[in-house]
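This report goes through one structure, part by part. Keep the sequence and the 3D view open while reading.

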Amino acid sequence: MTVPVSYYLALSAVVFLTGLVGVLIRRNIIIILLSVELMLNATNINFVAFSQYLHNVAGQVFVFFALTVAAAEVAVGLAIIIALYRAKSTINVDEFSLLKW
Amino acid sequence: MYALIPLLPFASFVVLGLAGWRIKDRAHLVAVPAVALSWVLSVFAFVDVASGSVISVSLYTWLTSGSLDIHIGLSIDRLTAVMLLLVTTVSGLVHVYTIGYMHGEPGYARFFSYIALFTFSMLMLVLADNLLQLFVFWEAVGLCSYLLIGHWYERPSACAAATKAFIVNRVGDFGFLLGLFLAWTSFGSLTYLEIFAQAHQSVNATLNLFAPVGGHWDVSVVTLVCLLLFMGAVGKSAQVPLHVWLPDAMEGPTPISALIHAATMVTAGVFLVARLAPLYNLSPTAMTVVAITGGLTMVLGATIALTQTDIKRVVAYSTVSQLGYMIMACGLGAYAAGIYHLLTHGAFKALLFLGCGSVIIALHHEQDMRHMGGLKDKMPVTYWTFVIGSLALSGFPLTAGFFSKDDLLVSTWSAGPLGEILTILGLLTALMTAFYSFRLVFVTFWGPSHLDPHYAGHVCEPAKTMTVPLMVLAVLSIITGYFGIPGFLEPVFATGTESSPHHGGGTVGIMILATSMGLLGIAGAYYVYVIKPGIPDQLARQWKALYQGSLHKWYVDEAYDHTIVRPMFFVADELWKKVDVAVIDGTVNGVAHAIAWSGWLLRLVQSGQIQHYALGMALGAVVFLTILLII
């Protein structure tokens, strides 16, 4: 028996929303970064689900690319976080409001 | 080759204008040879056209648009040739004189570059073969006049005088420009020859002036063109009622007064009327206006000159008066006589101004003749040349002024009833002219010395560069009478239809009268200022109203001040404080404030908190997705 594609999509939506809410409400930058990863992985689930549903291997190849990019992105993100921490001795995102006029 | 006549001074202007800061005290080495070469070429041109031919040189086409075809061209006929000689001669002598007069001034090179520019513009003005080119250089000489009057720009009075000259000329040039437009629309061309040809055909054409307001007032087009162009001449040649700028222009350095404000630029108006003689001949009304304006100016200038005490102003008002003579002669159809007087006047008036200049230099810039006196032994060259200039101005027999003034008055006498009235006024003016000229001579050079004791001891003749031009001009003031210039010019103004009614009845009588008026004036001045020196004060007391009127230039300046200048200032002040500050500045500042305020509002959106931005993105995505799903 096969799991219907809608199950995957529901799971993906839940994971994505979890990630989105995490990005929006958490104050700890590391958690935010993790949440971003959650959102990325939610899309990966979608890719894989549709790949299997449509019998097209391109979706799975795409996931590998996404995973690679995500790994690189996390490396850069963590580096930025370290730099921020060294500058401000905190990783509370409320303390960082440099992105304005 | 003749294109070089104006281009040489232009080249010297460019060189001095660009490199003047390096050339400095050697500026005359550039300017004087250029103008001297121009003079030589002018002599060649004169010889060429003396045979009766007309030289035309087309330099280049400025613009062509439809039927409008404007080109820069030179045309040399006899009238132009004598003007060329006058301009280059006086300009050359003034260049030489300037070497001495402006010696050591900080603006030495600047001064030379301006007079070179002026010489170029004036030459182009007389050489023009169309009205637009004339107008362009008409404005250019006005600009040079402005720059040179304001040469000592650190003096407020010089700045004021320069501005006044410029603005008063604007009034006249406004009319000139309108005349230009009207000539173009009615005759379809701006070239002299075509205008004359067209004007002959449309001599009866009229224009309803009140059409815009629904009225009806037909005016002859030719008359209107003539009158409008004459407005320009009134401004430039300092005729009533726009004569007020010329005396103030004496704030400029004296060589400028001689070159621009006596011999050349101010005669441009006379030249204009003479150049357009075929056009003016078609409009008796315009001619009458021209003649009466000239007559009024002649009398007014002379009466004011009687009482002025600044030596340059006496000569300036005398210039106004003599320009009146010329304009009057042109208005009565005696163009040749007018131009003849223009030429002789150019020589002796330049001489008088340069003479004033050497007195002023010798007395350390003292210009009030009441602080002079007894200079004739200290400055013999200046004295004798000045006397020759004054004799010529008074029409003393055998000087150039004698011939030209007699010729002028005889011509006007034979020009109908108006001419007779104006001739009588002219004779009276001749009397006054002689009187004030010799008042100047006697008060300045004779009698006891009223010099400032600080420098009274070392007053002496100025440098050779200044005395030589004086002597040359003195010779010219005599010999220009013997060349038969009126006969030379007559073919230019021959209309073909009317025979010039010269030498009619009373000719000899007028000549004798004119001469005796001059002699009487000189004798009167001698009696009043040398034999009985107390008389002037006594007369001033006796005729107090007249004396004060003349001394205050008949209150023309005051009248303009009250009727035009002050209301203008008042309105300008109100406009500045009310309209400018409240409305215009208010609008501009209001827009700026509104933008700043809305910016402040929008700035609140930008918190710098990355999560706010992320929320914005998420909500935006939701909105877009919703729209996509619904549609």
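## An exposed histidine in chain A

The model is predicted. A:H55 is exposed, because 6 other C-beta atoms lie within 10 Å, and a residue counts as exposed at 12 or fewer. A:H55 sits in the loop that runs between α2 (29–54) and α3 (58–88) of chain A. Its phi is positive, about 55 degrees, although A:H55 is not a glycine. Most residues other than glycine have a negative phi.

## Two backbone features in chain B

Chain B also has a non-glycine residue with a positive phi: B:H364, with a value near 55 degrees. B:H364 belongs to the loop between α15 and α16 (380–394) of chain B. With 11 other C-beta atoms within 10 Å, B:H364 is exposed.

The peptide bond that leads from B:V240 to B:P241 is cis, and its omega is near 5 degrees. B:P241 is in the loop between α8 (221–236) and α9 (245–248) of chain B. Most peptide bonds are trans.

## Chain B as a whole

Chain B contains 26 helices and four strands. Its C-alpha atoms fill a box of roughly 115 × 70 × 55 Å along the principal axes. Of its 631 residues, 50% count as buried. Among contacts in chain B with a separation of 6 or more, 79% join residues 24 or more positions apart.

## Nonpolar cores

The largest nonpolar core has 202 residues, and the members that touch the most others are B:L125, B:F230, B:V273, B:I339 and B:A350. Helix α15 (residues 335–362) of chain B supplies the largest share of this core, 17 residues. Leaving aside residues up to four places away in sequence, B:A350 touches B:V90, B:A258, B:L259, B:A262, B:A263 and B:L473.

A second, separate core has five residues, including A:V23, A:I29, A:I32 and A:L33.

## A buried methionine

B:M298 is part of helix α13 (residues 284–305) of chain B. Is B:M298 buried or exposed? B:M298 is buried, because 29 other C-beta atoms lie within 10 Å and the cut-off for buried is 20 or more. Beyond residues up to four places away in sequence, the residues that B:M298 touches include B:S321, B:Y325, B:L425 and B:T429.

## Where the chains meet

Between the chains, 10 residues of chain B are in contact with 10 residues of chain A. On the chain B side, helix α26 (residues 610–630) gives the most, with five residues. By class, this side of chain B has four nonpolar, five polar and one charged residues.

Methods: Residues are numbered from 1 along each chain as its sequence is written. Chains are lettered from A and ligands numbered from 1 in the order in which they are written. This is a predicted model: local features need pLDDT of at least 70, side-chain atom pairs count only at pLDDT 80 or more; totals for chains, interfaces and linings use all residues. Two residues are in contact if their C-beta atoms, placed from the backbone, lie within 7 Å. Ala, Val, Leu, Ile, Met, Phe, Trp, Tyr, Cys and Pro count as nonpolar, Asp, Glu, Lys and Arg as charged, and the others, Gly among them, as polar. A nonpolar core is a set of buried Ala, Val, Leu, Ile, Met, Phe, Trp, Tyr and Cys residues joined through C-beta atoms within 7 Å.
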